[in-house]
Amino acid sequence: MSNARELHKKELSSKLLNMKFMQRQQERELRDRLEEAEQKALAQSHWKVEYQDSSIEKPKLQVEYEPSYLSFNMTGLVGRKSYQSFNEDIEKVAVDSEKKQRQARELAVEKSTNMDDAELAQRMTSVTDSPGPEKKKRRKEKW
C-alpha cells in the first residue's frame, strides 16, 4: 500500500493542476528554465579575444590648423548703438569709427601685398636660380 500512496502523491489530479495557483507555479518554473537556457546561450556566445601584446599603440594623428578666411575679431561696433535713427549723433560717431577701421584694415592689407623693387628683384632671382625640374622649351610654330 505504501507504494500505491507514493505513486498517487507523485501524480496530481487534473482538477488540482487546472487551479490558478498551480498554473502560475508551472508558468514560473517554465520561465525559470527558459531564463537559465538564455543565460547559458549568452555565456557561450560571448567572444573572447586573446592579445599577444597587451600594449596597443594608438595611431598618431597629425592635425593641421589653418587660419580662417573670415576675421571675426573686427566687428566694427564700438560703444553705443542707435536704432532706427533714434540718436543721430551716436550714428555719426559709429559711421566715422567704422570708416577709420575699414581704412586701417585696407592699409594693412596693402602694406602686406606691396613690396619694394629691390625685394621684388630678390624674390625673382631666388625663384629663377632655384634648382628645379628642367622643362623642355617648346618651339612656337607660326602659321
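Student: What should I keep in mind about the numbering and the model?
Tutor: Residues are counted from 1 along each chain as its sequence is written, and side-chain values use heavy atoms, with hydrogens and water left out. As the model is predicted, local features need pLDDT of at least 70 and side-chain atom pairs count only at pLDDT 80 or more, while totals for chains, interfaces and linings use all residues.

Student: Why is E38 called exposed?
Tutor: Exposed means over 50% relative accessible area, buried under 20%, and partly exposed in between (1.4 Å probe, protein chains only). E38 has 55% relative accessibility, so it counts as exposed. You'll find E38 in helix 3, residues 20–45.

Student: And why is Y65 called exposed?
Tutor: Y65 comes in at 76% relative accessibility, so that one counts as exposed too. Y65 sits in the loop between helix 3 and helix 4 (88–113).

Student: What makes up the negative surface patch?
Tutor: E29, D32, E35, E36 and E38 form it. Like charges are joined within 9 Å, nonpolar side chains (Val, Leu, Ile, Met, Phe, Trp, Tyr) within 5 Å. Asp and Glu count as negative.

Student: Which residues form the nonpolar patch?
Tutor: L61, V63 and Y65, with about 440 Å² of accessible area together.

Notes
Patch = residues over 30% accessible without salt bridge, like charges linked within 9 Å, V, L, I, M, F, W, Y side chains within 5 Å. Areas by Shrake-Rupley, 256 points an atom, 1.4 Å probe, with all protein chains shown as cover. Salt bridge = Lys/Arg side-chain N within 4 Å of Asp/Glu carboxyl O. Charge placed at Lys NZ, Arg CZ, Asp CG, Glu CD. Helix = DSSP H or I, 4+ residues; strand = E, 2+ residues; numbered from the N terminus.
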